[in-house]
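The sequence and the structure are shown first.

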Amino acid sequence: MQYINRFLVYSGVLAMVFSCADLDPLEFAVEKPKAIQAQEELNEYEPLKSYIDSSSNPKFKLGGAVSLSDYVNKGLAYRLINKNFHELTLGYGMKHGAVVQADGTIELRQVNELIAAAEAVGTSVFGHTLTWHANQNASYLNGTLAPLVIESPSFPNDLDKAGLEDGSLSGYTTNSQGLSIVDGQGIGEGTNAIEIQVASANEDPGAVRLTTPDIPVVAGHEYEVIFYIKSDQPGQGRISFEGLNENTPALDYDSDGEATEFFQTGFSWNEVRFKVKDFAGDSFSLNFDFGYSAGVTYTIDVNNLYVYDTQGDLIVSNLVENGDFETGTGWGGWGNNAQMGVTQDGLGYGNQGKAFFLTNPSITGGFWEVQSVYEFPEALTNGEMYTLSFWVKGDAEGIIRPELQSPDYSSNGFGQVNVNQEWQRVELSTTATAADRQRLIVSYGEFAGTVYIDNVSLTSASGGGGSTTILIRDDEVKKAIVEQELERWIETMVTGLPYVNAWDVVNEPMDDGNPYELKSAQTDSDISSDEFYWQDYLGKDYAVKAFNLAREFGKPEDLLFINDYNLEYNLDKCKGLIDYVSYIESQGATVDGIGTQMHISIDSDKDKITEMFKLLAQTGKLVKVSELDVRTNTSEATEEILQLQAEMYAYVVQAYIDNVPKEQRYGITVWGISDSPEDASWLPGEFQGLWDINLNRKPAYQSFAEALKGL
């Protein structure tokens, strides 16, 4: 007890001493590590854009690249971009492959969400990019150029075409002097076509008209009208009637669910298809009205002009129900954990509708180890020949084998089918040699990947088969289709995104191996699935067309750029691009600026960088450093390496200032802004950014900021 008391007294004395005395600092100090001091110094810097004198550089834009999702989620990337940069550029989100859907529709909802977020904080958006060969929805574009395949309806044609087929026009009436039947101008070899030449436009579209004979109808039934039409220049027409309660109705001409007053025509064959049932009596007739546009010549295929009762008796019996898979119901199957089902809309043949798919994880020991199956309602006829046709493609190359099978697994095979990555139509025949052939089997054991199958038809020789017309599109037709797609794409983008005031109209046009020539699929040894070379169809003037379209549909103040990479690495490529700009302008288009991507490294040739800026400045055009990043060429970012990177960032800015007059400086966009996997996904482990993986500032941030003061 006494021990405790003595301890308490001693403690109290100590407390009094310390409470009454001033505390002196310790006689020694701990020095901060140099790395921490350096980082604190970096952190004292202001945001990058604050180092630009806006009063003397009012039009200069400091830009940063960002992904659409990172920005609209309003996280760290959103704050970093808005704080440090005047302008953002989407790495992918505004490209053709990102916004063009499988059926060709252009979906801008997410892009507009980003633009609304950027506009709210005053960050501008650069349009990247309108015309490029990469990051395209090549599947859709190639589908528009695929052969046109027309399967005739499985019903009798209720329209009497005798007067069209023999050229007499017996039973048909017309008020046009420019109407005739021409031989060999229809779809398919040796088929007739109706040609209608419109001399002048009229307020009444019925001023140029072809009227069919009366078509008998069954009360209460619905009839479908199908025809194929093209014109030598854009035109429009309509179908009016005699014998309906409303003879000039709006119709869903292209089966998209929207009724319109007329249909559009163009250089390539287009299908017009619609249904009617509002009959006033026991017959009706069609009026083909074309009085809208002067100077247009229309051509209608005779062979595939149909009017038929959709509830009538079938004359062609496809033994595979739902062979187009539009109901969303696919086939069953088994083996090797294969996945199968029906695709979304737009993934069927020609980017239309649905298709059946089966994904086989790997090649198996026997082709029969992975199969899909379709069960017929009743067994096929022994001794009968059957013709199987379908469209097929895969995401790789391999073999599939269709067959007619019995419950005991005996079968009649159609042979092997070689599948590649393009849609192809297959037509094969075999004879059933047993009375219990009741399955259509397709075997996939020799194919690793996904197979897509569409428009499956199985017909018997005695049961009849529908006619199939296949039109291979020639080069001129393909050119016209691609030109239409380019116009539709550019018009939709520049009119649909009015907040955007500057665009990369043409991206990466020049060939690396032949820098004074354009890139081409013919010289690309490794074409990826998202590549489509517009220039291969439109020729050297593809950029002329692109710039003129962007100018026509955009705002007068929009700035239009051409952009390429390696201009500082290969000065001949820089000169080749400049020559191409001169050619574009010689053909009547105007190019406002040239973008140089500058994906460079710490050991890039500084003399060439300087020379490139001099060459670009001599054009008198705006010069934009469009995609700047500096690779370290190493997976270990030492202090020495980071300092070399910082020096290169500063050198680029200084060379830009020294060699490009102020009035020609559009700005500098930093591409890989950080070392994070999202920003450096295409340069893994290259430490190319101004911020590190944790968004801490690097020495390059300091050197870049200091260099910007010189603007």
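## Packing of α9 and α11

Helix α9, residues 475-496, packs against helix α11, residues 542-553, at an angle of about 35 degrees, and their axes lie 9 Å apart. The crossing in which α9 passes α11 is right-handed. The structure is a predicted model.

On the α9 side, the contact is made by Glu483, Leu486, Glu487, Ile490, Glu491, Val494 and Thr495. On the α11 side, the residues are Tyr542, Lys545, Ala546, Leu549, Ala550 and Phe553. Sorted by class, the contact of α9 with α11 has eight nonpolar, one polar and four charged residues.

## Packing of α13 and α14

Helix α13 spans residues 606-618 and helix α14 spans residues 639-659; their axes come within 9 Å and cross at roughly 30 degrees. Angles under 35 degrees count as roughly parallel, and α13 and α14 are therefore roughly parallel to each other. α13 passes α14 in a crossing that is right-handed.

From α13, the contact involves Lys606, Asp607, Ile609, Thr610, Phe613, Lys614 and Ala617. α14 contributes Met648, Tyr651, Val652, Ala655, Tyr656 and Asn659. The class count for the contact of α13 with α14 is eight nonpolar, two polar and three charged residues.

## The second largest pocket

The volume of the second largest pocket is about 1,000 Å³. It is lined by 35 residues, and those closest to its centre are Ala138, Ser139, Asn142, Gln421 and Glu422.

Three elements each supply at least two residues of this lining: α7 (138-145), β21 (385-394) and α10 (535-538). The largest share comes from α7, with five residues. By class, the lining of the second largest pocket holds 15 nonpolar, twelve polar and eight charged residues.

## Cavities

Searching the whole structure gives two cavities of 30 Å³ or more. The largest cavity holds about 40 Å³ of space. Its lining consists of Ile150, Glu151, Ser152, Pro153, Ile226, Tyr228, Glu271, Arg273, Asn304 and Tyr306. Two or more of the lining residues come from each of β4 (148-151), β10 (223-231) and β13 (270-276). The lining of the largest cavity divides into five nonpolar, two polar and three charged residues.

The second largest cavity has a volume of about 30 Å³. Trp331, Leu388, Phe390, Leu440, Val442, Ile453 and Val456 form its lining. Here β21, β26 (439-443) and β27 (449-460) are the elements that give two or more residues. The lining of the second largest cavity has seven nonpolar residues, no polar and no charged ones. Strand β21 also supplies at least two residues to the lining of the second largest pocket.

## Backbone geometry

Most residues other than glycine have a negative phi, and most peptide bonds are trans. Two sites in the model are listed here against that background.

The peptide bond that joins His128 and Thr129 is cis, with omega about 5 degrees. Thr129 is placed in the loop between β3 (124-126) and α7. Helix α7 is also the element that gives five residues to the lining of the second largest pocket.

Asn322 is not a glycine, yet its phi is positive, about 60 degrees. This residue sits in the loop between β16 (306-309) and β17 (332-334).

How values were computed
Residues numbered from 1 in each chain as written. Predicted model: local features only at pLDDT ≥ 70, side-chain atom pairs only at ≥ 80, totals over all residues. Heavy atoms only, no water. 1 Å grid on protein atoms, 1.4 Å probe; cavity = no way out; pocket = protein on both sides within 12 Å on 5 of 7 lines; lining within 4 Å. Points joined across faces, edges and corners; volume = space filled by probe spheres on them. Helix = DSSP H or I, 4+ residues; strand = E, 2+ residues; numbered from the N terminus. Nonpolar A, V, L, I, M, F, W, Y, C, P; charged D, E, K, R; others polar. Axes fitted to C-alpha atoms, helices over the stretch in contact; angles between N-to-C directions. Parallel < 35°, antiparallel > 145°, perpendicular 65-115°, else oblique. Left-handed = near helix turned anticlockwise from the far one by under 90°. Contact = heavy atoms within 4.5 Å.
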